[in-house]
Amino acid sequence: MRVMVVGAGLGGLTLAHGLRRAGIDVVVYERDGASGRPQGVSLHVDDRGASALRACLPPGHVAMVEATTGGPRERTLTLAEVDGEPVATGVRTSDGIDGRPRPGRQVDRPLLRAVLLTGLEDVVRFGAELTRFERCADGTVRAWFADGRADIADVLVGADGVGSAVRRGYLPDVRPVDTGRRMIMGATPLRAVAGTGLPDLIGDIAGSAHIRGTTMVLGVLRFSQPPVQARRKWLPTLHPSAVAGIEDYVMWALPTTRERLGSGAVWPRAEELTADLPPFLRSVVAEAWRDATVALRIGTIPPMPAWPAGSVTVIGDAIHLAPGFGGNLAMLDARRLCAALVEANRGRLGLLDAIGDYEDTMRRTSFPSVGAKAGA
Ligand SMILES: Cc1cc2nc3c(=O)[nH]c(=O)nc-3n(C[C@H](O)[C@H](O)[C@H](O)COP(=O)(O)OP(=O)(O)OC[C@H]3O[C@@H](n4cnc5c(N)ncnc54)[C@H](O)[C@@H]3O)c2cc1C
């Protein structure tokens, strides 16, 4: 069996590792260059993402990720200001209900991407934007790329994110809807705000402040092991630049709207939005790594009717959007699709039955509005 994955994001790379480990021929086509685009600094990985990584990645890769997560994050503190100092006035459990996060750990996103790319150097083709594909009479799929390349495989997987060219070609009626909500996200070196009292107050869990109409969410990533040491011990093939200069930091998020965000540079908007917050919160934004500040558009894809399984399928943001845990769902899809394709490759299930089973489960569990909860 030959599988062509479009998109070297969280889902596509997790899938590629799983297929490769099962001896299945896989190739990944990625539009961007090897360094990718900034997509935020850290990622809250819950049980769904963590179990997918454990199932699909080689043991050294898993050990490297686990050695460099932050501490367990199972609660969110409500933060307020008393006499200029940060205080906790309440606590909310991360139970995964009604859009609340599930328990998990913070992972450094660029480091995770570098770990995922390690060992796939001969599999990932960068600078290759899928432009179109065609299902052939013999059941295979042929794909064409903007740089003139073409390829053929038994299965084409769209892991190409929210703007998915695969979804547009395969399921043209399925369209993301812009909710108008936006999230500014950034990160600040821990050392720069150590004196505010915030990092000690929050510890490894999350904090949320709602003060004078502005909401700010914060979390500290203290690497469980120094990444340089962890690389030496668990994944020496990881490029040294992936761990060079990494330090503990505070990640922060500011929910806002399309209108309030406007256009232009993002970090100055964050500074304006936090102008009425107490100094200990303002300093988190003031001391941030400015280039790492990004604005996330919050979209949704409405639940869609089932479609007949074929040799083209989709995973992750290409087919469902879940603000705050889309990465976990993308990795979960990768794990499930990998297991289905392995069954088909071993002859235990027909290829289209295997893809149909994966798609049924994905449709049932990844759209909270239809009443089902995503489970591992
Ligand atoms: C700032 C920020 C913070 C986030 N925090 C969290 C979090 O804490 N927890 C969480 O679970 N999720 C989080 N998310 C969401 C998460 O990043 C996404 O849900 C996740 O990346 C989706 O994975 P994916 O593999 O489906 O797509 P992506 O990771 O978006 O990967 C898609 C890939 O496809 C490539 N591509 C696109 N079009 C083409 C084409 N035509 N041809 C070839 N390649 C193409 C893209 O370049 C990209 O590399 C966050 C997102 C952002 C932006």
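View 1. In total, 33 residues surround the ligand (a heavy atom within 4 Å). The closest are Gly11, Glu30, His44, Arg109 and Asn328. This is a predicted model: local features need pLDDT of at least 70, side-chain atom pairs count only at pLDDT 80 or more, and totals for chains, interfaces and linings use all residues. Residues are numbered from 1 along each chain as its sequence is written, and side-chain values use heavy atoms, without hydrogens and water.

**View 2. Helix α1 packs against helix α12.** Helices are DSSP runs (H or I, at least four residues), numbered from the N terminus. Helix α1 spans residues 10-21, and α12 spans residues 326-345. Their axes come within 8 Å and cross at roughly 30°. Axes are lines fitted to C-alpha atoms over the stretch in contact, and angles run from 0 to 180 degrees between N-to-C directions. The two helices are therefore roughly parallel (angles under 35 degrees). Their crossing is right-handed (the near helix is turned clockwise from the far one by less than a right angle). Leu10, Gly11 and Thr14 are among the α1 residues in this contact (heavy atoms within 4.5 Å). Gly327, Ala330 and Met331 are among their partners in α12.

**View 3. Helix α1 also meets helix α2.** Helix α2 covers residues 47-56. The axes of α1 and α2 come within 8 Å and cross at roughly 30°. From α1 come Thr14, His17, Gly18 and Arg21. From α2 come Ala52, Leu53, Ala55 and Cys56.

**View 4. Helix α4 packs against α1 at an angle of about 30°.** Helix α4 covers residues 109-117. The axes of α1 and α4 are 9 Å apart. That makes α1 roughly parallel to α4. On the α1 side, Leu10, Leu13, Thr14 and His17 make the contact. Arg109 and Leu112 are among the α4 residues there.

Methods:
Parallel < 35°, antiparallel > 145°, perpendicular 65-115°, else oblique.
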